[in-house]
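Welcome! Here is a short tour for anyone meeting this structure for the first time.

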Amino acid sequence: MEKKKRPDIKELEKEATEIRKDIIKMLGEAGSGHPGGSLSSVEILTGLYYYKLRYNPKKPDWPDRDRFILSKGHVCPSLYTIMARCGYFPKEELMTLRKLHSRLQGHPHMLYLSGLETSCGSLGQGLSIANGIALGARMDKKDYRVYCLLGDGETDEGQVWEAAMTASHYKLNNLCAIIDRNRLQIDGFTEDVMKLESVKERWASFGWHVIEIDGHNIKEVMDAYDEAERTKGKPTMIIAHTIKGKGVSFMEDKAEWHGVAPKGEQIELALKELNMKPTKEQLEEAEG
Amino acid sequence: MTEMKATRDGYGEALVELGKTNPKVVVLGADLTDSTRTLWFAEKFPDRFFEIGIAEQDMLNTAAGLSLTGKIPFVSTYGVFIAGRAWDQIRTTICYANLNVKIGGAHGGVSVGPDGATHQALEEITLMRVLPNMKVIVPCDAIETYKATMKAAEIKGPVYIRFGREKIPVITKKDTPFKLGKAATFREGKDVSLIACGYMVCESLKAAEKLEKKGVSARVINLHTIKPIDKEAIIKAAKETGAIVACEEHQIMGGFGSAVAEVVVENYPVPMRFIGIQDRFGESGTPEELIKEFNLDSSDIVKAVEEVLKHKHG
């Protein structure tokens, strides 16, 4: 049941670029935070909030809303940006990220900001929470759906696989999880830190319906959410292949940009690049 | 003859009652449903019971998710596995967001017996009371456990209830008042206060009998709620009796006695002694043997009282 009309893909692509600019600006202002995963998850979240997710920012507690559980809490800059752009709170507030008394904590806290479904930051916990919500929805005979975004490195955590079994055991077809497969975690490439492949076969063998997509292709993202909703009898895992730091060339595919905010000229260069390609000299300078 | 009943039975009975009276109550189990007495609920309300398997971390966060849909989930397994293994889940997902999850920690204390150290939870009071928003209850018998469980369903936010494996004397009655956060004086006395929780309330009452024969008048306070703690009752005991012995079937460090001492030291310092596990792991043995081995029985309390009285001011 696809309730919403699809937004124009070109418009969403433009919006994704604007979201990336906001992420850079807010991280630059905060002086710390996690650009790599925030940038890699932009289209995944854009597809959700601009197309698939059923919600009302004026009524964040609406009982029939779809739920989005961010399990990899450190990429909250992309979630905050999208929430602000979708009307949950004023955009100016993005510049309070990580500051004292801000509603935008370094990792999301649901008691501070309406519209967040959970507090998260300790990895590996979100999928279990999503399972609980999906079970609750079923008990209440509600048709809302539950979405959960995990990092690929996050799936090192054993609890993720406990939750994978539970979702499959209870045939939670109202649950759709997404892995932001950017292939990097803090200590390096996921395959060097702790081998994850074959991600697809692993999730399939746990009883999930698995969809692999280009996580920066908005159309593929939206198609995957639709396919997940059509899938019966099992939960769906979307493996979204992405590039860590996507959109800012000096951050792309670099583990060191996992948890370091851009500074000074880096901010300007990143913003400039998100509007147009920078010169080779500018790039080299930024890397230095 | 005093009735003997395990506190876990009180928990199991209360869950069944909640099943009948409160449709929001759901129960989750981690393969220990018989032992934690949650099986009784599961058999009567199969649609509201979720078996999660041997996966405590997943169980706690699944419960968190259910609470976010308005359910009142009760999760239970042995204290070591729930308070220890799933501590981060309890901390960051449940307590941080003040989620309405109720936690039943079974097999508290060395009186678990022959299973030995791995299964004897001796640290949960410390681990749970340190968490903001958490409430911690250690009931003294099966009837009080029943009341504590019923109460937990009424209040908002996370609650930890500790109970034991063995049958112990039922020392309260159905009409004994139980008020969360309010200590109950089970015996009046003026020379020393025995402040206890769980099974140690029973040992404290025995100790008070023995002390009476020695001419010492001991007050016995059942401090079932460790958090929020009843400061008033503790300060009153310090002022009126001038000496305190805190008794717990749990590590002394950071636990129940420490919680009492925090109140005493800041408000009305008097000499204190601690009965509890002294920085050791548990052992296999019968419950009776272990209570003696770990210096937790009434004669140990009597000795501690005699010691603390030597240091009593004026």
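The notes below start with the numbering, then turn to each chain. This is a predicted model, in which local features need pLDDT of at least 70, side-chain atom pairs count only at pLDDT 80 or more, and totals for chains, interfaces and linings use all residues. Residues are numbered from 1 along each chain as its sequence is written, while chains are lettered from A and ligands numbered from 1 in the order in which they are written.

**Chain A overall**
- Chain A has 11 helices and 7 strands, counted as DSSP runs (helices H or I, at least four residues; strands E, at least two), numbered from the N terminus.
- Its C-alpha atoms fill a box of roughly 55 × 45 × 35 Å along the principal axes.
- Of the 288 residues in chain A, 52% are buried, meaning that 20 or more other C-beta atoms, placed from the backbone, lie within 10 Å of the residue's own.

**Domains of chain B**
- Chain B is divided into domain 1 (4-169) and domain 2 (184-310), with bounds from an automatic or database domain assignment.
- The centres of these two domains of chain B, taken over C-alpha atoms, are 25 Å apart.
- In chain B, 28 residues of domain 1 are in contact with 30 residues of domain 2 (C-beta atoms, placed from the backbone, within 7 Å).

**A helix pair in chain B**
- The axes of helix 3 (residues 56-68) and helix 5 (residues 87-95) of chain B come within 10 Å and cross at roughly 10°; axes are lines fitted to C-alpha atoms over the stretch in contact, with angles from 0 to 180 degrees between N-to-C directions.
- Residues that meet here include B:Leu60 in helix 3 of chain B and B:Ile90 in helix 5 of chain B.

Conventions
Two residues are in contact if their C-beta atoms, placed from the backbone, lie within 7 Å. A residue is buried if 20 or more other C-beta atoms lie within 10 Å of its own, exposed if 12 or fewer, and partly exposed in between; C-beta atoms are placed from the backbone.
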